[in-house]
Amino acid sequence: AVAMEKATQILSNCNTGAFCPTAIACIDMPEHTSKLLMTEWEHDMEPLANQFLSGRIDGSVVHSIGESLALFSMATVTNPFFNDGIRPLMRSCWPMVKRLFREALSSRQQHDRCKVLMETIGVDGFDQMMENVDRTYMERSVFGHGDAHVFNFLVEQHGATNNDFGRVGLCDWEMSFVGPKGRDGGFFQGFPTACALCFAASGSESKVDNVQKALDQFWSSYSSILIMNGKNEVYLCETYRGFLAWVGLCLFPTYYLMKLFI
């Protein structure tokens with residue numbers, strides 16, 4: 001009860017007029033080493049992921065998100081080590097990814113086009129790729145949310161208001177840090193790309209087109225902010241390559257190896 005009261009007080013102090021979560025439970029985890037805080041957002045908000053799952057995406061929302069993430073990345077970095085303590089958590093995942101790669105490579109139960117590509121890359125090649133991932137992750141170039149996937153974007157449900165443009169919010173900022181260019185954009189595009197592949201496999205061409213248009217809109221809006229801030233073609237290419245790299249990290253280790261569809 002005391003922990004619940006403290007959580008409620010903290011969340012209330014964070015409410016500055018924007019939407020804010022409400023604490024609904026605070027649960028002791030096994031061995032009482034930590035607590036699980038459960039919160040509820042406003043009832044008329046839903047994860048942006050729902051729109052990609054349905055194949056019906058609000059382009060104005062995607063436009064706003066693209067511009068906002070780009071503007072955030074353009075903020076002046078005064079402390080390149082901001083929240084640097086979060087890095088070991090992410091880096092601790094690399095050995096697990098390598099292990100899962102080896103297990104999938106040696107498995108006789110699964111053989112598909114991805115498995116053929118894995119055999120071509122080989123263990124040494126994949127280890128080199130993961131070293132490149134780690135080196136890139138340790139860059140301190142731009143501000144980033146760090147976990148900007150579409151489940152962390154909250155939007156008004158279709159039909160919730162009569163406005164042409166509803167509210168958009170980005171939650172779970174505990175992973176924010178100064179990191180590599182393109183990470184936030186890649187994380188944003190990971191799940192939508194998976195949705196497009198699933199729609200294509202099921203023959204839903206119109207939904208594939210809708211997702212593709214949304215991703216094109218995202219890059220158009222994101223890159224326009226970079227250009228407005230004086231970034232040249234080299235910078236744009238580096239950022240887009242970062243998009244592709246982090247999309248790959250979502251699709252392969254997270255979805256294919258770990259089977260975590262988030």
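A residue is called buried here when its relative accessible area is under 20%. The model shown in these views is predicted.

View A. Helix α6 spans residues 113-137 and has 25 residues. Its end C-alpha atoms are only 28 Å apart, whereas a straight helix would reach 36 Å at 1.5 Å a residue. A bend of about 85° is found at Gly 122, and Gly 122 is itself one of the buried residues of α6. The partners against which the buried residues of α6 pack are the helices α4 (87-91), α5, α7 (183-201) and α9, together with the strand β7 (177-179).

**View B. Packing of helix α5 on helix α9.** Helix α5 (residues 94-106) packs with helix α9 (residues 233-257) at an angle of about 65°, and their axes lie 10 Å apart. The crossing of these two helices is left-handed. From α5, the contact draws on Trp 94, Val 97, Leu 100, Phe 101 and Ala 104; from α9, it draws on Leu 249, Phe 252, Pro 253 and Leu 257. Classified by residue type, this contact holds nine nonpolar residues, with no polar and no charged ones.

**View C. Packing of helix α3 on helix α8.** The axes of helix α3 (residues 59-73) and helix α8 (residues 205-228) cross at roughly 35° and come within 8 Å. The crossing is right-handed. On the α3 side, the contact is formed by Gly 59, Val 62, His 63, Ile 65, Gly 66, Glu 67, Leu 69, Ala 70, Leu 71 and Ser 73. On the α8 side, the contributors are Ala 214, Gln 217, Phe 218, Ser 221, Tyr 222, Ser 224, Ile 225 and Leu 226. By class, ten nonpolar, seven polar and one charged residues take part in the contact of α3 with α8.

View D. Gly 182 is placed in the loop between β7 and α7. Its relative accessible area is 5%, so Gly 182 counts as buried under the 20% cut-off. Leaving aside residues up to four places away in sequence, Gly 182 touches Thr 239, Gly 242, Phe 243 and Trp 246. The C-alpha atoms of Gly 182 and Cys 237 are separated by 10.0 Å, although the two residues are 55 residues apart along the chain.

Methods
Residues numbered from 1 in each chain as written. Predicted model: local features only at pLDDT ≥ 70, side-chain atom pairs only at ≥ 80, totals over all residues. Heavy atoms only, no water. Axes fitted to C-alpha atoms, helices over the stretch in contact; angles between N-to-C directions. Helix = DSSP H or I, 4+ residues; strand = E, 2+ residues; numbered from the N terminus. Left-handed = near helix turned anticlockwise from the far one by under 90°. Contact = heavy atoms within 4.5 Å. Nonpolar A, V, L, I, M, F, W, Y, C, P; charged D, E, K, R; others polar. Expected span 1.5 Å × (residues − 1). Bend = angle between axes of the 7 residues up to and from the residue. Buried < 20%, exposed > 50% of the residue type's maximum accessible area, 1.4 Å probe, protein only.
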